[in-house]
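Visitor: I am new to this structure. Could you show me how to read a few of its features?

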Amino acid sequence: MSSPSSSLKPAWAYRPGPDIAFHAPAGLRAAQKLAKQAAMVGVNAARTGISETEVEQQVHDYLLSQGAQGIWTITNVGLGENTRVCFPTQGPGTQQAAAQDVLMVDVHPITADGSWGDCTRCAVMGDYPEAAQALKDLERIHYETLAQCRPGMPASELFGLSHERLTAEGFILLDLLGNIGHSLTAGAAYTHGFIDAGNTTPMWGAWAIEPFAQRGEVAVKVEDVVWFGRDGCETL
């Protein structure tokens with residue numbers, strides 16, 4: 001699967017600021033539902049000996065079966081040492097899953113109306129207690145952070161809340177640009193920047209929140225999209 005040849009325009013308009021819609025657009029909801037399902041298809045494929053490209057193929061087959069029109073950036077699949085890098089320049093390769101391993105899958109579908117989704121999930125393979133605990137702890141910190149989201153808060157504030165908790169529990173942030181996420185507007189990403197220490201942009205509309213961190217020898221990542229609405233926030 002590749003990016004569509006023609007530019008699709010989502011059926012919803014993005015208006016940053018306090019007059020943003022109360023609720024997330026239906027197209028965005030559908031795109032994120034598809035992203036979450038496809039990410040789970042990827043991690044459910046985890047088995048000893050499977051390669052990153054084989055996982056990618058299963059994800060793309062699922063997206064096509066569900067009517068996806070393409071992807072807006074590559075599907076990231078990481079096994080073994082490749083879980084330590086999640087970036088558009090490193091696509092899935094020939095790395096195969098070991099009996100004791102972590103599989104990371106980051107999916108970016110485009111739906112028929114041009115809406116974009118974004119979701120990352122991980123699976124721990126075999127008897128690997130350090131990895132299982134690291135993933136459990138990262139997910140807990142992630143969802144505690146999501147619970148602290150509020151409409152219009154500065155991106156830098158949310159970064160600080162997450163980074164403080166990650167550091168306190170022994171995690172080192174791995175993102176190459178030093179952030180825990182980015183804006184996700186109507187058919188575009190990064191328009192309002194990243195969730196990092198220097199971005200004071202108020203958070204309205206859709207933002208992908210994706211802490212990616214390492215503790216010891218284990219790298220893990222989890223990602224959800226949050227709608228920063230007029231009077232509240234909702235994890236899609």
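Guide: Start with polar contacts. A polar contact is a pair of N or O atoms within 3.5 Å; within protein, one must be able to donate a hydrogen and the other to accept it. Keep in mind that this is a predicted model. Now take N199. A polar atom of the N199 side chain lies 2.8 Å from the backbone oxygen of F194. The backbone oxygen of H192 is 3.1 Å from a polar atom of that N199 side chain.

Visitor: Where is N199 found?

Guide: N199 sits in the loop between β8 (188-194) and β9 (205-209).

Visitor: Is N199 buried or exposed?

Guide: Buried means under 20% relative accessible area. N199 has 12% relative accessibility, so it counts as buried.

Visitor: Which residues does N199 touch, not counting residues up to four places away in sequence?

Guide: N199 touches P154, A155, S156, H192, G193, F194 and W207 on that count.

Visitor: Let us turn to the rings. How many aromatic pairs does a search of the whole structure find?

Guide: The general idea is this: a pair of aromatic rings is described by the distance of the centres and the angle of the planes. The search of the whole structure finds three aromatic pairs.

Visitor: Why does W72 count as buried?

Guide: W72 counts as buried because its relative accessibility is 12%. Y190 is at 36% relative accessibility, so Y190 counts as partly exposed.

Visitor: Which residues form one aromatic cluster?

Guide: W72, W116, Y190 and F194 form it.

Visitor: Now the strands. How many bridges join β10 to strand β11?

Guide: Two strands pair if DSSP finds at least two bridges between them. Here, four bridges join β10 to β11 (residues 218-221), and the strands run antiparallel. A213 has V220 as its bridge partner in β11. A213 is also the bridge partner in β10 of L173. Strand β6 (residues 172-173) pairs with β10 (residues 212-215) in the antiparallel sense, over two bridges.

Visitor: Which residue takes a positive phi in the hairpin of β10 and β11?

Guide: G216 does, near 65 degrees. That hairpin has two residues between the strands.

Visitor: What lies over the face of F212?

Guide: K221 does, at 5.8 Å from the ring centre.

Definitions and conventions
Residues numbered from 1 in each chain as written. Predicted model: local features only at pLDDT ≥ 70, side-chain atom pairs only at ≥ 80, totals over all residues. Heavy atoms only, no water. Buried < 20%, exposed > 50% of the residue type's maximum accessible area, 1.4 Å probe, protein only. Contact = heavy atoms within 4.5 Å. Phe/Tyr/Trp six-rings, centres within 6.5 Å; stacked < 30°, edge-to-face > 60°. Lys NZ or Arg CZ within 6 Å of the ring centre and 35° of its normal.
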